[in-house]
Amino acid sequence: MPARMATPVEVGSITAPECTIVWSDGHRSTYRWGALRANCPCAVCVQRGGHPPRPLPDPLPALRPMQVERVGAYALRFVWPDGHRTGIYPFPLLREVLCECEACRARAAGRGGGAGPVLD
Amino acid sequence: MFRSPQAIDRGQVLAALRDVEDPELHRSIVDLDMVRDVRVRDGRVEVSAVLTIGACPLRETIVERIRSRLQALPGVREVEVSLGVMTPEERQALIGKLRGGPAAGGRRSPFLTPDSPTQVIAVASGKGGVGKSTVTVNLAAALRLAGFTVGVIDADVYGFSIPRMLGVTGRPTVIDQVIVPLERDGIRVISIGFMLPHADDAVIWRGPMLHKALQTFIQEVHWGDDLAYLLIDLPPGTGDVAISIAQILPRSHMLIVTTPQPAAVEVAQRAAKMAAKVNMEVLGVIENMAGFVPAPGAPPVEIFGSGGGQRLADLLEVPLLAQIPLDPAIREAGDRGTPLVLAAPDGPAAQAFRQVAARLAERLPARVA
């Protein structure tokens with residue numbers, strides 16, 4: 001049977017300075033909220049800026065989501081203060097592409113990439 | 001006052017009434033506060049009960065259940081049942097109980113949490129016409145025969161066929177905003193076909209309406225806390241309905257139905273690819289319309305070729321759960337509104353469905369009713 005995707009076992013509070021997700025494979029991901037917003041995978045944002053990961057704006061917008069919801073068994077949805085809520089972030093995107101933990105950033109830098117796909 | 005050893009009291013009557021379930025809500029009428037008053041005098045029992053709505057289609061069933069339960073008690077000579085209707089406040093309190101009470105946060109469905117005891121199985125196919133709905137109703141019947149409580153959602157909103165195949169007609173009872181599913185041989189079922197003014201009306205909706213309909217089927221229908229398996233008959237392909245199901249349900253599994261011809265394999269594989277993307281586990285493959293046996297003892301004629309089910313199962317690395325023979329009796333039973341598993345449970349095709357049910361019950365254990 002094919003391997004199942006890693007799923008979050010713990011999602012940190014939206015009041016924390018950054019987003020944290022502990023995965024079923026033990027990995028602990030961290031994200032800047034602004035980087036998550038800038039990498040929204042909804043159809044409108046993809047049409048505007050391409051698929052994530054995208055070059056991040058400098059400075060990053062200082063914001064936090066109003067709400068984080070689980071979508072089925074495969075994704076999270078963030079509800080942003082401007083009302084934007086159409087981005088469904090599949091777990092593999094969060095786990096393998098957008099993770100900004102130290103280890104994932106170091107590996108991405110080693111490959112000469114930005115926040116590109118990183119696998120443990 | 002003199003009491004014979006056979007004398008019955010109010011407490012015994014109430015204890016007995018606790019065994020009486022509302023036929024639609026599947027909960028004790030005492031727990032649902034539907035028993036308003038009980039009077040006992042010299043073996044004569046008077047029960048005053050209230051119905052959720054005045055036009056309750058099963059009022060006679062409730063009266064009969066109360067009467068037969070109480071008449072079985074020693075010391076009961078006569079039973080009189082009078083029926084009233086709940087006040088709006090009483091009905092709201094009942095809805096609260098059905099939704100699990102305040103502690104449940106007003107949840108409406110037993111399978112909207114990842115740790116739900118209900119096993120949800122979506123029956124999918126790559127292309128249409130492979131007998132997906134036939135598999136769904138027969139599998140539901142087989143699980144019911146095995147002693148499980150089963151629900152069926154007809155999610156093939158444009159091409160609904162479950163009402164006819166299960167022989168279920170009528171409109172679901174609605175208690176405030178809670179919909180009570182219709183029932184056939186203990187199989188609870190909901191379909192858009194029950195909501196249309198005429199059975200032959202067409203559903204001509206775009207995606208958002210479909211999503212809303214499915215949300216209603218899952219969140220607004222009182223499936224009952226005792227549901228062991230919920231089968232969802234998906235439309236063919238990987239469109240709006242399949243995506244909505246994947247987004248609404250936090251935990252579900254998929255069965256893929258295909259026919260034996262190799263050309264169907266590639267199409268069926270797309271359903272599995274979608275399952276992988278939305279993190280739904282594929283439990284296995286069911287090959288429908290396998291060999292046709294023209295006469296008893298004759299070799300099967302492979303009208304739709306052979307090997308497709310096994311090839312798909314190998315590609316997906318999942319088991320081939322059954323090869324259902326192409327048997328006109330399956331179609332005839334569906335047209336008559338009685339799944340073959342119920343009409344002729346011991347025939348070869350019914351046996352194949354029952355074996356799938358047994359394997360599913362082993363793979364996804366659920367409590368027996």
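Arg4(A) and Glu281(B) join their side chains in a salt bridge, at 3.6 Å from N to O. The count of salt bridges between chain B and chain A is one. The model is predicted, and the values below are computed from it.

**Interface between chain B and chain A**

- On the chain B side, 14 residues are in contact with 10 residues of chain A.
- About 1,100 Å² is buried between the two chains, and carbon and sulfur atoms give 50% of that area.
- Four residue pairs are in polar contact between chain B and chain A, with both residues at pLDDT 80 or more.
- Three elements of chain B each give two or more residues to the side that touches chain A: α7 (240-248), α8 (262-277) and β12 (281-290).
- By residue type, the side of chain B that touches chain A has nine nonpolar, two polar and three charged residues.

**Aromatic cluster in chain A**

- Over all chains, the count of aromatic pairs is five.
- Trp33(A) and Phe78(A) have ring centres 6.4 Å apart and ring planes at 75°, so this pair is edge-to-face.
- Trp33(A) lies in helix α1 (residues 33-38) and Phe78(A) in strand β5 (residues 75-79) of chain A; the pair links distant parts of the chain, 45 residues apart.
- Both Trp33(A) and Phe78(A) are buried.
- Phe78(A) also pairs with Tyr89(A), again edge-to-face, with 4.9 Å from centre to centre and 85° between the planes.
- This second pair links distant parts of the chain as well, from strand β5 to strand β6 (residues 88-90) of chain A, with Phe78(A) and Tyr89(A) 11 residues apart.
- Phe78(A) has a relative accessible area of 1% and so counts as buried.
- Tyr89(A) has 0% relative accessibility and so is buried too.
- One aromatic cluster takes in Trp33(A), Phe78(A), Trp80(A) and Tyr89(A).

**Salt bridges within chain A**

- Over all chains, the structure holds 22 salt bridges.
- One of them joins Arg95(A) and Asp25(A), whose closest N and O atoms are 3.0 Å apart.
- Arg95(A) is in helix α3 (residues 91-97), while Asp25(A) is in the loop between β2 (19-23) and β3 (28-31) of chain A; this pair links distant parts of the chain, 70 residues apart.
- Arg95(A) is buried because its relative accessible area is 6%, whereas Asp25(A), at 45%, is partly exposed.
- Arg105(A) and Glu100(A) form another salt bridge, with 4.0 Å between the closest N and O atoms.
- In this pair Arg105(A) is partly exposed, at 45% relative accessibility, while Glu100(A) is buried, at 10%.

- Arg44(B) forms a salt bridge with Glu46(B), and their closest N and O atoms are 3.2 Å apart.
- Arg44(B) counts as partly exposed because its relative accessible area is 25%.
- Glu46(B) is likewise partly exposed, with a relative accessible area of 33%.
- A network of salt bridges links Arg44(B), Glu46(B), Arg77(B) and Glu78(B).

- Leu112(B) sits in the loop between α3 (88-98) and β4 (119-124) of chain B.
- Its relative accessible area is 26%, so Leu112(B) is partly exposed.
- Apart from its neighbours within four places in sequence, Leu112(B) is in contact with Ile218(B), Gln219(B), Ile248(B) and Pro250(B).
- From Leu112(B) to Val285(B), the C-alpha atoms are separated by 26 Å, and the two residues are 173 residues apart along the chain.

Methods: Residues numbered from 1 in each chain as written. Chains lettered and ligands numbered in written order. Heavy atoms only, no water. Contact = heavy atoms within 4.5 Å. Buried area = accessible area lost by both parts, 1.4 Å probe. Polar contact = N/O pair within 3.5 Å; in protein donor to acceptor, adjacent residues only side chain to side chain. Helix = DSSP H or I, 4+ residues; strand = E, 2+ residues; numbered from the N terminus. Nonpolar A, V, L, I, M, F, W, Y, C, P; charged D, E, K, R; others polar. Phe/Tyr/Trp six-rings, centres within 6.5 Å; stacked < 30°, edge-to-face > 60°. Buried < 20%, exposed > 50% of the residue type's maximum accessible area, 1.4 Å probe, protein only.
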